[in-house]
Amino acid sequence: MAKLIGREYSRVLTSIRGTIGYLAPEWISGVAITSKADVYSFGMMLFEIISGKRNSEKLGDGESAFFPCWAVGKIAKGEVLALLDYRLDGNANMEELMRASRVAYWCIQDDENDRPAMGNVVQILEGLIDVNMPPIPRSIRILIDNSS
């Protein structure tokens with residue numbers, strides 16, 4: 001929809017739609033929405049597909065854990081196998097798992113300009129383009145620091 005309407009109208013014609021935790025930061029900040037908001041949501045869904053877990057989990061004490069905070073730490077340490085859905089018993093191609101984890105990590109960057117276009121995401125997942133380690137998104141760094 002953002003592509004069809006154009007950047008100058010998106011703030012006026014759209015309102016927040018989606019599930020909290022999957023919405024890009026620009027929805028909250030009031031910045032005009034672009035197709036990169038969908039890239040953010042895709043990254044969250046990709047983490048969910050890889051892990052078999054929701055992006056947030058209620059803990060017993062009324063607290064909740066935000067899965068991407070934990071996932072980002074594991075990816076940064078090179079421990080991507082820890083992200084894999086336990087029901088797969090570790091049965092995964094490590095190169096594909098690393099690639100999918102990194103692209104998910106790129107997709108959830110705070111700044112929409114740092115997120116890849118979906119065409120690039122497809123090429124990365126197909127192995128046609130290499131993907132480097134992204135920086136830790138500012139919002140996730142804040143959440144990690146606050147939970148420590």
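Pro68 touches Met44, Asn55, Ile108 and Ile140, once you set aside its neighbours within four places in sequence. This comes from a predicted model, so keep that in mind as you look around. Ile108 sits 40 residues from Pro68 along the chain, and their C-alpha atoms are 8.9 Å apart. Is Pro68 buried or exposed? At 1% relative accessibility it counts as buried, because the cut-off for that is under 20%.

With 7 of its 10 residues buried, helix 5 is largely enclosed by the rest of the structure. After helix 5 comes Gly78, which has a positive phi, near 80 degrees.

Leaving out residues up to four places away in sequence, Ile75 touches Phe47, Val80, Leu83, Ser101, Arg102, Tyr105 and Met133.

Now for the core. Which residues touch the most other members of the largest nonpolar core? They are Phe47, Ile50, Ile75, Leu83, Val103 and Ile108, out of 28 residues in that core. Helix 4 (36–51), helix 5 (67–76), helix 6 and helix 7 are the elements that give two or more residues to it. Helix 4 gives the most, with 7 residues.

| Helix pair | Angle between axes | Axis separation |
|---|---|---|
| Helix 6 (residues 94–107) and helix 7 (residues 118–125) | about 165 degrees | 9 Å apart |
| Helix 4 and helix 7 | roughly 30 degrees | within 11 Å |

Take helix 6 with helix 7. An angle of about 165 degrees makes these two helices roughly antiparallel to each other, because angles over 145 degrees count that way. Their crossing is right-handed. On the helix 6 side you'll find Arg99, Ala100, Val103 and Cys107, and these meet Val121, Ile124 and Leu125 of helix 7. By class, that contact has 6 nonpolar, no polar and 1 charged residues. Val103 turns up in this contact and also among the core residues that touch the most other members.

How do helix 4 and helix 7 compare? Their axes cross at roughly 30 degrees, so the two helices are roughly parallel to each other, the limit being under 35 degrees. This crossing is right-handed as well. Val39, Phe42 and Leu46 of helix 4 make the contact with Met118, Val121 and Leu125 of helix 7. The residues here divide into 6 nonpolar, no polar and no charged. Val121 and Leu125 take part in this contact with helix 4, and Val121 and Leu125 also meet helix 6.

Finally, step back to the whole chain. How many helices and strands does it have? There are 8 helices and 2 strands, and along the sequence they follow the pattern α-α-α-α-β-β-α-α-α-α. Of the 148 residues, 36% count as buried. If you take the contacts with a separation of 6 or more, 57% of them are between residues 24 or more positions apart.

Notes:
Residues numbered from 1 in each chain as written. Predicted model: local features only at pLDDT ≥ 70, side-chain atom pairs only at ≥ 80, totals over all residues. Heavy atoms only, no water. Axes fitted to C-alpha atoms, helices over the stretch in contact; angles between N-to-C directions. Helix = DSSP H or I, 4+ residues; strand = E, 2+ residues; numbered from the N terminus. Parallel < 35°, antiparallel > 145°, perpendicular 65-115°, else oblique. Left-handed = near helix turned anticlockwise from the far one by under 90°. Contact = heavy atoms within 4.5 Å. Nonpolar A, V, L, I, M, F, W, Y, C, P; charged D, E, K, R; others polar. Core = buried A, V, L, I, M, F, W, Y, C linked by side-chain atoms within 4.5 Å. Buried < 20%, exposed > 50% of the residue type's maximum accessible area, 1.4 Å probe, protein only.
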